Amino acid sequence: MIKVLFVCLGNICRSPMAEYVFKDMVKKKGLEKQFYIASSATSYEEVGNDMHYGTKDKLDEKGIPYTKHKARRIEKQDYEKYDYIIGMEESNIRNILRIVGNDKDNKIYKLLDFSKNPRDIADPWYTGNFTVTYNDIVEGCIGFLDYLKRKNIVK
Ligand code: 4NP
C-alpha cells in the first residue's frame, strides 16, 4: 500500500482538491487498491471545517467525486504513517518540516516537483482562482503517478 498525504496551509482548498483528483485518477486506472490517500493542513486555522466552496464547485464541474471533508492538521506521527508527504508550495514544506522534525527518509515533496516545470501552487484562498489551482494539481498528480510507475513503485 502506497500511503500519500497531500498537505497545504488550511486543508480546505488545495490539498483536499489534490486528494480527490488523485483518488479519481488512480481509480480510473484501476490502481486504487494500491493506495491510501489523504490530506491535511499545517495550520490550525480551518481544523474541523469542510472544503472551500470554490474547491467543491471545481470538483463538481469536473465530475470528480468527494466525501464529506473535515480539515485536520498534520501530526508528527504522520511522518512514519505515510510514504509520500506532498506539499503545494515552499512554505508548506518549511511548515511540515517544523512539525515532523526532519525528512530522514526523503518522504517530503512539493507536488509540482513531479512536473516538467517545478513551481509552487498558488493559494486560491488568496487568488480566488480555482481553475489555475485545478490545472496545476492535475499536472502534478499526473507527474507523480508517472514517477511512481517509472520507479516501479506502482504496478
Ligand atoms: P489552502 O488555502 O491552504 O489551499 O487550504 C487556505 C485556506 C485557509 C487559510 C489559508 C489558506 N486560512 O488562513 O484560513
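Here are some friendly notes on this predicted model, point by point.

1. **Ground rules.** Residues are numbered from 1 along each chain as its sequence is written, side-chain values use heavy atoms, and hydrogens and water are left out. Because the model is predicted, local features need pLDDT of at least 70 and side-chain atom pairs count only at pLDDT 80 or more, while totals for chains, interfaces and linings use all residues.

2. Around the ligand you will find Cys8, Leu9, Gly10, Asn11, Ile12, Cys13, Arg14, Glu45, Glu46, Asp123 and Trp125, where a residue belongs if one of its heavy atoms lies within 4 Å of the ligand. By residue class, this shell holds five nonpolar, two polar and four charged members. The classes take Ala, Val, Leu, Ile, Met, Phe, Trp, Tyr, Cys and Pro as nonpolar, Asp, Glu, Lys and Arg as charged, and the others, Gly among them, as polar.

3. Leu9 has a polar backbone atom 3.0 Å from a ligand oxygen, and a backbone N or O atom of Asn11 lies 3.2 Å from an oxygen of the ligand. From Asp123, a polar side-chain atom lies 2.9 Å from a ligand oxygen. The protein covers 96% of the 350 Å² of accessible area that the ligand has on its own; such areas come from the Shrake-Rupley method with a 1.4 Å probe, and for residues only the protein chains shown count as cover.

4. **Asn11, a backbone detail.** Asn11 sits in the loop between β1 (2–8) and α1; helices (H or I, at least four residues) and strands (E, at least two) are DSSP runs, numbered from the N terminus. Its phi is positive, near 60 degrees, in a residue other than glycine. Asn11 is buried, with a relative accessible area of 0%; buried means under 20%, exposed over 50%, and partly exposed in between (1.4 Å probe, protein chains only).

5. **Asn152, for comparison.** Asn152, in the segment after α6, also has a positive phi of about 60 degrees although it is not a glycine. Asn152 counts as exposed, at 53% relative accessibility.

6. **Arg14 and Asp123.** The whole structure has 15 salt bridges, each a side-chain nitrogen of Lys or Arg within 4 Å of a carboxyl oxygen of Asp or Glu. One of them joins the side chains of Arg14 and Asp123 (3.1 Å, N to O). This pair links distant parts of the chain, 109 residues apart: Arg14 is in helix α1 (residues 14–28) and Asp123 in the loop between β4 (108–110) and α5. Both Arg14 and Asp123 are buried.

7. **Two further pairs.** Lys104 and Glu80 form a salt bridge with their closest N and O atoms 3.2 Å apart, and both residues are exposed. Arg119 and Asp136 pair at 2.9 Å between the closest N and O atoms. Arg119 lies in the loop between β4 and α5 and Asp136 in helix α6 (residues 130–150), so this bridge ties together parts 17 residues apart in sequence. Arg119 is partly exposed at 23% relative accessible area, whereas Asp136 is buried at 11%.

Notes
A polar contact is a pair of N or O atoms within 3.5 Å; within protein, one must be able to donate a hydrogen and the other to accept it, and residues adjacent in sequence count only if both atoms are side-chain atoms.
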